[in-house]
Amino acid sequence: MREDLLSIATGIVEQARKLGADEVDAYVASSAETSARVRMAEVERIIDATSHAASVRVIKDKRTAVCSTVDLTPKALSALVRQALELATIAEPDEYAGLPDRDELALASQPNLKLYDERIESLSIDEMKDTALRCEQAAFDYDSKVTNSDGAEMSVTRGVVALANSMGFAASYPATNAAIMVEAICDDEDGKKRNDSWYTVERALHNLEDAEYVGRKAAARAVAKLGARKLETTTLPVVWEAPVVRALLALIGEAVSGELLYRRSTFLAGLEGQQVGSPLFNLVDDPLLEGRLGSRPFDGEGVRSRTVSLFEGGAFNGFLFDSYTARRMGRKTTGAAGRSLSAPPSPGTSNLVLTPGEEPSERLIEGIEDGLLLTDLMGFGVNKTTGDFSRGAQGFRIEKGKVTYPVTEINVSGNLKDMLASIDAVGDDVLWLGSMGAPSIRMSQLTISGI
Amino acid sequence: MANSREADALAADASTNYIREKFGIDDAIASSVLDAALSCGGDYAELFFEHKEAGSIVFEQQAVKNATRSLSQGMGVRVLSGEAVGYAYSEDLDLAALRKAAETAAKIAARDEKTPPIDVVHYETPQYYSPEGSTVDIPAQDKVDLMVRADRAARAYDPSIARADINIVDELKHIAIYTSDGRMASDVQPLVRFNVSCLSERDGSRQTARWGGGGRMGMAYFEGSSPEALAEEAARQAVLLQSSVEAPAGTFPVVLGNGDSGILLHEAIGHGLEADFNRKKTSNYSGRIGELVASELCTVVDDGTIDESRGSINVDDEGNMPRKNVVIENGILQGYLQDRISAGAFGTQPTGNGRRQSFKHYPMPRMTNTYMLGGTSDPEDIIKSVSKGIYCVAFSGGQVNISNGDFVFSVTEGYLIEDGKITAPMRNVNLIGNGPDVLTKVTAVGHDFKLSDGRWTCGKDGQSVPVGVGIPTTLVSAMTVGGTNIG
């Protein structure tokens, strides 16, 4: 991995200023990825490589262009800057274009969010392979009904990102992550296969779940699906298991983007300050949590990270903005700029945290006479403009307060606005996976399409 | 496109030149890197060089909002030891960096006996598309003019169109593959996509729709498909949704319109026929070659050789030539889509389906253009035969669980069918089915085969590749429709 990212970033900024950019920021990233994948107790694939790239955003006469390259030689970086300035001439002047206001920048200091684990540097491929093997073996050992595996993998990445701009911001931070995953497969009596996977992903190795736990969990989830069948078409109360709540949060995370707001393409447009969800629905975007996957000391434009309450007691508090969308809507940036190499910044979530409730999660099921425990969603059937939600699903039937049998090949549908309002219980369990923390929840009614 | 042998020889020369120019690579350097890749006793090694220039222009509120451009290049090296893969890559293309990557990938093997690489023979590739006229290097203003035309057309379509967001994304990719078993092939792959998103606002009701198209073409794409037509299509769908009704919930006959509905094949059966899943016996279609897996009306093809289609390739990313592969003929499973590793395991030949997203990614069996051949039914008769069901025309995407076969796809333009007539448009809805089950329920196939316009991207194991889909009007006798109207 390269150590000189910050000087490359400041060099790009200097050069762009010299060549006539009014405002400029440069984003440079370097990373190393290593993974060991095994299947049926044999090594399937080892990947070990490093990469790097630099990106520049120039603004001249309020015209914006973004260019990126993997070639970090001085000659190529000089060409990159010239290319960006040339490309900017085709954009129309946009009064909202520009860097964040200076007083928004994290100029003084940035919090140490413990995003880097040095132990990952010395982890060997053999250790990773052994971990993956243990994970897969635990899945097979859990139950003889587990007859196949789609593989187990341990992967780690180490990276550094550097950001510099023409207002004097220059900072970089290193980050790591590590993951273990496996998919277990069983044969069902009707000739079909039932499968499920589980994983753990963290910034630091010591926070990972045990490989054996991951294996057993995947196996248990796959075995529980044996005998799955369809349901009759109906409406039912639905308990969302904590892992699948993350899919709901991801949708809300997209709908709160200031970019969709100015495009008027989110169902939350016009609902700021209003009661949208159930009083039990409290959602926060928090980039400042130590050691979490979505944490960041500053955003993709160098703006100070801050905790933003999105929903409080079901009231929708407002959108996430980067500096462009904020200016465009007459607001202030919320420090939510995401950054990639090949596009201008745009607002996005960091860590989404749904506040747990007080009910033990088992109680969510106990109260139901006839319902569905939702465990998996599939597909892209969501219209963010209208909030219409219609997705493929798997789960379990709930009868008389008990989980009775697995169901598959059904569809759940509703409208996100109604769905948030229909949450009538929130569990006290919190599952953290990646950049989201969520408890299980219950909705009083959703449409189930089946036979 | 037919081409003479003389032209091929010239093309091969030109490719050698550009590889030297773009990557600083020649056969001797490649041979030295392959030698390093096999230094621990691997069975096979391959180098994948890639140089990609990509750009986009974003147009909204009647003006260019911004423009982007990116350069990525590098080499990926794969070493096989049995079916085990060692993979490494480097963005630096000097010999020391290349050999270092090769030595890293080499470690997958631990054998004393070494197989040296064979001198490469340069394979001539067909030309199902040509980089000439690629939109990547034309003056930006020419592309802006297209977007201005689209914007005007979208606004003119209906007074309720309050926004038109347009973008053009394009790339030009040079690839070169060297293998230790003596193969060298190269390709230049243009790709363009033009996207329009329209917002219709009427009495406080907001509806959005997207449309787009493209292919492995340059500006010639816009001679066949006008920006106005693409924009009007997005506007029409957004306006249509303003009068949409709740979709039904339950199991109904589903008529799939021709073209875009080919996504059903991609999800219901295409992925399940990728050989890696079958080699590992994780697919529902494992061990079923020669069996009836679909209605006898179904003949399904994966064909990487369609001129200028988004899913076409002149050579796959393992150096094998694409083919027209009939995977299901009259309902009977003929074979799988093979890459090198799976073909070895099945004792068969690669089918030209070894694809990867970039040099940072290992190849695996992937679809190209997947479609169903036309049948004999009149599309109007198919509609008339349905007393209560739905008719689907446009989609936003789909997904499949390979192991249990459940798949979904999301309908963005669909209608109710009542008493044999297409009636009200429906709100966006998801359909769910089980692959092996749904294809046995195909009860009519129209004679109106159509390939979808080039707007689909397929994701697998975190890797995206451009694909094409196509289908004639098709009746599935029963599928679960995920609407909200239980009625």
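**Exercise 1.** At what angle do helix α4 and helix α6 of chain B pack, and how far apart are their axes?

*Solution.* Keep in mind that we're working with a predicted model.

Step 1: locate the helices. In chain B, α4 covers residues 140–157 and α6 covers residues 227–242.

Step 2: get the geometry. The two pack at an angle of about 35°, and their axes are 8 Å apart. As for handedness, α4(B) makes a right-handed crossing with α6(B).

Step 3: list who touches whom. From α4(B) come L146(B), R149(B), A150(B), A153(B), A154(B) and Y157(B); on the α6(B) side they meet P227(B), E228(B), A231(B), E232(B), A235(B), R236(B) and V239(B).

Step 4: sort that contact by residue class. You end up with nine nonpolar residues, four charged and no polar ones.

**Exercise 2.** Take E409(A) and Q62(B): where is each one found, and is each buried or exposed?

*Solution.* Step 1: check the backbone. E409(A) has phi near 55°, a positive value in a residue other than glycine. Q62(B) is another non-glycine residue with positive phi, here near 65°.

Step 1: E409(A) sits in strand β17 of chain A, which spans residues 402–415. Q62(B) belongs to the loop between β1 (44–60) and β2 (63–81) of chain B.

Step 2: apply the accessibility cut-offs, with buried under 20% and exposed over 50%. E409(A) has a relative accessible area of 8%, so it's buried. Q62(B) comes in at 52%, so it counts as exposed.

**Exercise 3.** What area do domain 1 and domain 2 of chain A bury between them?

*Solution.* The domain assignment for chain A gives domain 1 as 5–223 and domain 2 as 228–451.

Step 1: look at the spacing and the contact. The C-alpha centres of these two domains are separated by 24 Å, and 42 residues of domain 1 touch 42 residues of domain 2 in chain A.

Step 2: read off the area. Domains 1 and 2 of chain A bury about 3500 Å² between them, with 54% of it on carbon and sulfur atoms. On the domain 1 side of chain A, Y96(A), E104(A) and L113(A) supply 20% of the area buried against domain 2, more than any other three residues.

**Exercise 4.** How many residues does each domain of chain B bring to the contact between domain 1 and domain 2?

*Solution.* Step 1: the bounds in chain B are 5–242 for domain 1 and 249–482 for domain 2.

Step 1: their C-alpha centres lie 23 Å apart. Domain 1 of chain B brings 50 residues to the contact and domain 2 brings 45.

Step 2: the area buried between these chain B domains is about 3700 Å², and carbon and sulfur atoms give 54% of it.

Key
Residues are numbered from 1 along each chain as its sequence is written. Chains are lettered from A and ligands numbered from 1 in the order in which they are written. This is a predicted model: local features need pLDDT of at least 70, side-chain atom pairs count only at pLDDT 80 or more; totals for chains, interfaces and linings use all residues. Side-chain values use heavy atoms; hydrogens and water are left out. Axes are lines fitted to C-alpha atoms, for helices over the stretch in contact, and angles run from 0 to 180 degrees between N-to-C directions. Helices (H or I, at least four residues) and strands (E, at least two) are DSSP runs, numbered from the N terminus. A crossing is left-handed if the near helix is turned anticlockwise from the far one by less than a right angle, and right-handed if clockwise. Contact means heavy atoms within 4.5 Å. Ala, Val, Leu, Ile, Met, Phe, Trp, Tyr, Cys and Pro count as nonpolar, Asp, Glu, Lys and Arg as charged, and the others, Gly among them, as polar. Buried means under 20% relative accessible area, exposed over 50%, partly exposed in between (1.4 Å probe, protein chains only). Domain bounds come from an automatic or database domain assignment. Buried area is the accessible area (1.4 Å probe) that two parts lose on being put together, summed over both.
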